[in-house]
Amino acid sequence: MPRSACPSRPPADAGPPYPFRQFIVKAHGRCNLACRYCYLYEGPDTGWRDRPAGASDAVLALTADRIAEHAAAHRLPAVSLVLHGGEPLLAGTDRLAAFAGLVRRRVPAHTRVRVTLQTNATLLTAARVRDLARARIAVGVSLDGGRARHNTARVDHAGRPSWPAAVRGTRLLAELAPEAYAGILLVVDPAQDPAEVYTSLLRLRPPAVDLLLPHGNWSTPPPGLHPPPGPPARAGAGAPAPYGDWLAAVFDLWWGAGRRQTRVRLFEEAVAALLGLPTGTESLGLDPFTAVVVETDGSLEQVDSLKSAYPGAAATGLTLAENSFDDALTHPGVAARQSGPAALAADCRACPLLHACGGGHYAHRHRAGAGFGHPSVYCADQQRFLHHVAAALARATGTGPARDPTTAGEGGTR
């Protein structure tokens with residue numbers, strides 16, 4: 001989207017299960033691109049092949065009803081509706097706008113609905129940009145950088161580059177409807193020069209940038225990481241950290257700028273986590289996970305990132321027709337992700353970075369045959385990045401490196 005953060009946080013004294021606040025709806029289950037690194041269509045889970053290409057009107061109407069039911073039951077002041085895919089624009093802007101309006105009409109009067117669409121931008125036209133802006137749908141764009149050579153893995157099904165259409169659509173969005181431009185989502189590639197990638201994105205005038213680590217785990221490592229065989233204990237001890245180094249380099253450009261050129265969600269969340277404040281991302285911190293996915297056939301699932309682990313990892317066996325969102329809250333996978341430190345490896349619970357790191361992204365902890373009870377495969381990278389941010393915070397507050405909050409003794413960052 002950047003991925004939309006949960007717009008409100010559970011009360012500090014509330015216990016699990018925490019109600020869902022982010023509803024990711026697969027408006028269309030196919031994509032007009034065939035990105036070579038795509039964990040969804042090129043990964044181990046092929047369940048998408050058995051689902052309808054697009055969500056029917058009946059599924060969308062029932063989704064609106066179930067969201068309204070959940071918001072009323074939990075008196076939610078705000079929810080985030082994410083129109084996703086595949087490529088959601090394949091569903092048509094008229095249908096997307098109508099669905100967003102339906103959700104807004106059906107939720108209680110006290111519930112605000114923020115709607116975001118995540119697109120590869122290749123199908124954006126001036127008319128579609130205006131349609132989305134009129135419908136108050138914020139648009140996030142997925143790119144791998146601001147130049148053609150950064151996007152060589154993003155091709156269509158005939159192997160043709162998507163960059164010309166993607167950059168045209170992104171510029172239309174920035175020029176015609178800046179109020180609807182949510183920002184750019186980028187998957188980190190440590191082989192690309194961090195300064196060049198970051199400055200190239202700024203030329204596309206994004207109000208925000210979201211930096212994501214490629215989805216990988218101990219059994220299927222991300223590019224450039226070579227974790228040792230055996231149990232991943234003490235995962236960060238002395239290990240290379242190419243992703244952490246890349247993030248630290250971009251952080252310095254962002255942090256050291258004379259004025260804020262764009263928001264970088266990961267950096268803002270890292271600063272918040274190190275200061276003991278709430279976060280809105282599943283990659284950092286210990287705030288409870290509160291997102292759920294509605295597939296094109298009305299199935300309820302956990303987030304797509306789990307599909308990078310093994311087939312069926314995101315499945316719940318629940319459907320909109322037979323189940324409420326409250327039913328999904330009791331699913332063991334959802335419960336595990338809302339249980340805080342109890343779900344983490346012993347090394348994570350003993351780490352001074354616990355409250356800032358939170359064990360990293362859940363999908364990145366998986367090891368075939370041994371589940372998710374491990375440190376993240378990016379453990380060393382998380383440590384490298386968070387220590388770097390903490391040192392910058394210490395310098396900015398005049399406390400000096402010796403007062404780095406990640407090394408302040410037992411209790412770590414909080």
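Let's start with helix 2, residues 93–106: its 14 residues reach 20 Å from first C-alpha to last, close to the 20 Å expected at 1.5 Å a residue. (The expected span is 1.5 Å times one less than the number of residues; helices are DSSP runs of H or I with at least four residues, strands are E runs with at least two, and both are numbered from the N terminus.) This is a predicted model, so local features need pLDDT of at least 70 and side-chain atom pairs count only at 80 or more, while totals for chains, interfaces and linings use all residues. Residues are numbered from 1 along each chain as its sequence is written, and side-chain values use heavy atoms, leaving out hydrogens and water.

Which residues of helix 2 are buried? They are T93, L96, F99, A100, G101, L102, V103 and R104, where buried means under 20% relative accessible area with a 1.4 Å probe, counting protein chains only. Their packing partners include helix 1 (57–73), helix 3 (126–134) and strand 3 (112–119).

Now for a helix pair. The axes of helix 6 (242–256) and helix 12 (379–396) come within 7 Å and cross at roughly 25°. That makes helix 6 roughly parallel to helix 12, a label for angles under 35 degrees. Among the residues that meet are L247, F251 and W255 from helix 6 and F385, V389 and L393 from helix 12, with contact meaning heavy atoms within 4.5 Å.

Last stop: S305, in the loop between strand 9 (299–301) and strand 10 (315–319). S305 is buried, at 5% relative accessible area, and touches Y39, H215, H361 and A363, leaving aside residues up to four places away in sequence.

How values were computed
Axes are lines fitted to C-alpha atoms, for helices over the stretch in contact, and angles run from 0 to 180 degrees between N-to-C directions. Angles under 35 degrees count as roughly parallel, over 145 as roughly antiparallel, 65 to 115 as roughly perpendicular and the rest as oblique. Buried means under 20% relative accessible area, exposed over 50%, partly exposed in between (1.4 Å probe, protein chains only).
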